[in-house]
Amino acid sequence: MEKTYIVGVGMSHFGRFLNRSLADLTGDAVTEALADSGLTPGDVGAAYFANASQGVVEGQHLVRGQLALRRLGFQNLSITNVENACASGSTALNAAVAYIASGQGDVALAVGADKMNAPDRALSFAIFDGAWDVSDVKGQIARLERLGQAMQPPERAVEPGQRSVFMDVYAALARFHMGSFGTTQADIAQVAAKNHSHSVLNPKAQYRTAMTVDEVLAAREISWPLTLPMCAPISDGAAAAIVVSEKKARQMGLTRAVRIAASVQAAGSDRAPEDLDRHICRRAVDRAYELSGIAPEDVSVVEVHDATAFAELQQAELLRLCPMGEGGRLAASGATTLGGRIPINVSGGLESRGHPIGATGLAQIYELVTQLRGEAGPRQVEGARVGLAENGGGFHGYEEAVAVITLLQR
């Protein structure tokens, strides 16, 4: 299989942009990626366009990529639309890697874009309704309720905040973890406070306000134990990456090229909730480590899918960055903070950078490529050589429906 490299990345600002179109945001990311690489639309042999929400929000259910990319000069090439819930962006990258690695071409574009905010707020929350089995909603809710019984919420009446169904999913998973390992709400708040502090250094982040643990805990409750700052916002934005073959990378010069050491996509299984060794992300990352020859201790910087702060805490464990049950202690030690042993979500993560779901996986790649090039400015991880991204999407059983692990190497 052909080795693959990323030679260009781009990302729009993330935020709430009611007056900007999906094509506008796509243009920001793709134009920057092309300029970063020195390539033109005519150099690209195939494009993979990730989007998850445009059908719900705008009624544009089909040919989204063809419409967004043609106006940018992409014509007479293969354009494939990709939907894999919140893992759509990393799935697009995985497809671009397969295109290059199989020898079909030398240059491919992976782009993810979503415009989730709408004047009708109900549409924004409705995006998530189809990300689990709509034929078994009652059964899924019942399983989550049983899972969440491992740790009962405090006895007090709290009006739940407006939220997507996935905040209740993560809350149930968090309570199960709390009951199983002794994790506390303060541990989860520690992760959120760290990421909000990181986002101050990211000029493209949706939120750039530092928060303390106490401020996170005192914020409005969404679904116990989760408060608002622990949860990713509804966001608009786009991100892109240009993937090339080794031959093309050498022609261009390898000075700023970043090698894709592994790209692994996985689906879940009917495992028992306590069988975390068979968790979708554990199995995917083990495969990525095997394919790349990289070990957990080799990783310099990590971007994980923290749709809630709890997710980062658990992913640190599943990715073998610490033993199971010790994600809270890892965060409290400062190891995952910029300047620590294994910085996680230096971008601010989904909680602060934002979460336009089709773009999220490629926003992680944008951050890691920037870090591995040594171009991250005040948020630079010193000596970064290996980057790891975990991007999950949807929900099935007791875990994500899809997970993609990407390992990048300078």
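Which residues does R282 touch, not counting residues up to four places away in sequence? The points below take up this question and others.

1. Basis. This is a predicted model, in which local features need pLDDT of at least 70, side-chain atom pairs count only at pLDDT 80 or more, and totals for chains, interfaces and linings use all residues. Residues are numbered from 1 along each chain as its sequence is written, and side-chain values use heavy atoms, with hydrogens and water left out.

2. R282. Beyond its sequence neighbours up to four places away, R282 touches L276, D277, E317, L318, R320 and M324; contact means heavy atoms within 4.5 Å. R282 sits in helix α11, residues 280-292. Helices (H or I, at least four residues) and strands (E, at least two) are DSSP runs, numbered from the N terminus. With a relative accessible area of 4%, R282 is buried. Buried stands for under 20% relative accessible area, exposed for over 50%, and partly exposed for what lies in between (1.4 Å probe, protein chains only).

3. Overall form. The protein chain has 15 helices and 11 strands. For 410 residues, a compact globule would have a radius of gyration near 22 Å, and the 20 Å of the protein chain agrees with this. That radius is taken over C-alpha atoms, and the globule rule is 2.2 Å times the number of residues to the power 0.38. Along the principal axes, the C-alpha atoms fill a box of roughly 65 × 45 × 40 Å.

4. Of the 410 residues in the protein chain, 61% are buried. Among contacts with a separation of 6 or more, 78% are between residues 24 or more positions apart.

5. Surface and charge. The accessible surface of the protein chain is about 15300 Å², and carbon and sulfur atoms hold 49% of that area. Such areas come from the Shrake-Rupley method with a 1.4 Å probe; for residues, only the protein chains shown count as cover. The protein chain has 36 positive and 44 negative charges, whose mean positions are 4 Å apart. Lys and Arg count as positive and Asp and Glu as negative, while His and the chain ends are not counted. Each charge is placed at NZ of Lys, CZ of Arg, CG of Asp or CD of Glu.

6. Annotated span. UniProt, in an unreviewed entry, lists residues 274-397 as "domain: Thiolase C-terminal". UniProt positions are given in the numbering used here, feature names are shortened, and annotations may be inferred rather than shown by experiment. The span is 38% helix and 9% strand, and its end C-alpha atoms lie 12 Å apart.

7. L321. This residue lies in the loop between α12 (309-318) and α13. L321 is buried, at 8% relative accessible area. Leaving aside neighbours within four places in sequence, the contacts of L321 include Y289, P296, L330 and I344. T336 is 15 residues from L321 along the chain, and their C-alpha atoms are separated by 9.9 Å.

8. Two residues with positive phi. N76 has phi near 60° and is placed in the loop between α3 (64-70) and β3 (78-82). N345 has phi near 55° and is found in the loop between α13 (327-332) and α14 (349-353). N76 counts as exposed at 84% relative accessibility, whereas N345 is buried at 0%.

9. A cis peptide bond. W224 and P225 are joined by a cis peptide bond, with omega about 15°. P225 is in the loop between β5 (221-223) and β6 (226-227).
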